[in-house]
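Please examine the sequence and the structure shown below. The report that accompanies them is written for a reader who is new to structural description.

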Amino acid sequence: MATDPRRASIEANNKEVHAEASRRTRRSFVVAGAAVAAAGAGFIALLKSRPIGMLREPMRKAEELNRAIAEHVIGETALAPTYPLAMAAKRARLNGMGLRRDLDPASWRLQVAGLSHEAELHPRFMSDLSEWKFRFSEEFVARNLELDGESANQPINVSKMVDSAAKLDPRDPLAFIPERLPSAAGLLLAMEDLKKLPFTEYATEFKCIEGWSQIMHFGGVRFIDFMKAFPPMLNRDGSLPKYVAMATADGAYFAGYEIAAMVHPQTLLCYQMSGEELLPAHGWPLRLSMPLKYGYKQIKQIARITYTNQRPIDYWEQFGYDWHGGL
Ligand SMILES: Nc1nc2c(c(=O)[nH]1)N[C@H]1C(S)=C(S)[C@@H](COP(=O)(O)O)O[C@H]1N2
Ligand SMILES: [Mo]
């Protein structure tokens with residue numbers, strides 16, 4: 001076999017990821033157990049729960065989730081090449097509209113919908129997430145521009161308070177339309193909930209379809225680790241929901257992903273860039289990194305994540321861009 005150095009590096013990386021993946025599978029039982037314990041009463045429930053076969057119920061749930069995940073991660077997993085972290089662009093380029101410089105940092109939360117019933121025991125459970133009001137106010141613009149410093153070269157998008165409880169017509173093919181996030185039961189997470197999960201970082205090449213690319217260094221939690229901590233509602237046949245939808249706090253930017261892309265070991269919910277907290281212009285407080293897809297799939301300023309079997313539409317799909325957005 002020819003020794004293409006890039007291929008060799010990908011294979012080495014692959015091995016590392018697979019070793020890591022099996023370590024994680026073992027650890028996930030512990031993580032799932034810890035998540036149940038975090039629910040407080042849940043820990044007692046674990047002790048009291050009826051054994052099913054060999055495993056107690058919550059453990060069996062983790063087992064079911066791992067099996068559902070395995071369907072998507074077994075076999076050849078192509079990985080994007082990684083680079084030394086120091087090779088990442090010092091001053092990263094910016095792109096995109098709809099980033100809200102007027103978002104009140106204190107009002108940010110990550111809403112997660114489409115979760116398994118266990119979520120109802122979690123202290124952060126809400127029967128209607130749309131009751132949470134993200135706050136937008138001009139008073140935060142100056143602070144965010146200052147944080148962005150030289151990156152602040154984009155038009156500012158300021159508007160009034162948004163009523164996220166505005167109702168959606170369920171027949172509306174645009175599941176997310178500007179300024180509205182639909183009603184749904186789920187968890188209202190804070191950044192500290194994400195920071196408790198295992199941290200992963202890498203430098204990969206980021207490609208915008210407009211024709212530029214740069215190496216970017218992102219850090220945060222792998223989506224697969226996030227999913228194990230906050231498991232989705234499985235389908236009757238035990239499979240994972242087919243898609244994940246994501247949207248910004250005002251619903252103005254949104255994107256959808258196949259579940260296989262979400263459980264890919266390089267799919268990251270990022271709260272860091274270049275080893276520091278994300279800048280507002282780069283998607284503070286949370287953005288997606290998915291180095292096998294174009295930049296337009298890498299949504300910034302995420303506020304809602306939904307597991308679903310309905311294919312979610314993309315903001316850019318409306319203008320003719322490919323939904324898959326693969327490189
Ligand atoms: N919320 C939001 N996320 C977004 C966009 C946007 O307009 N709004 N643009 C996308 C596009 S086209 C690109 S190339 C990247 C740019 O990320 P960067 O500004 O951190 O380089 O963000 C993506 N995520
Ligand atoms: Mo882009």
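This is a predicted model: local features need pLDDT of at least 70, side-chain atom pairs count only at pLDDT 80 or more; totals for chains, interfaces and linings use all residues.

Residues are numbered from 1 along each chain as its sequence is written, chains are lettered from A and ligands numbered from 1 in the order in which they are written, and side-chain values use heavy atoms, with hydrogens and water left out.

The protein chain contains seven helices and 14 strands; these are DSSP runs numbered from the N terminus, helices being H or I of at least four residues and strands E of at least two. Of its 327 residues, 50% are buried, where buried means under 20% relative accessible area with a 1.4 Å probe, protein chains only. Among contacts (heavy atoms within 4.5 Å) between residues at least 6 apart in sequence, 74% join residues at least 24 apart.

Six strands form an open sheet in the order 5-6-4-14-9-10, with mixed pairing. Strand 5 (125-126) and strand 10 (254-258) each have a single partner strand, so one side of each lacks a neighbour in the sheet. Two strands pair if DSSP finds at least two bridges between them. Strand 5 pairs with strand 6 (residues 186-189) in the antiparallel sense over two bridges, and G186 in strand 6 is the bridge partner of M126.

| Residue | Relative accessible area |
|---|---|
| C208 | 10% |
| C270 | 0% |

A search of the whole structure finds zero disulfides, a disulfide being a pair of cysteine sulfur atoms within 2.5 Å.
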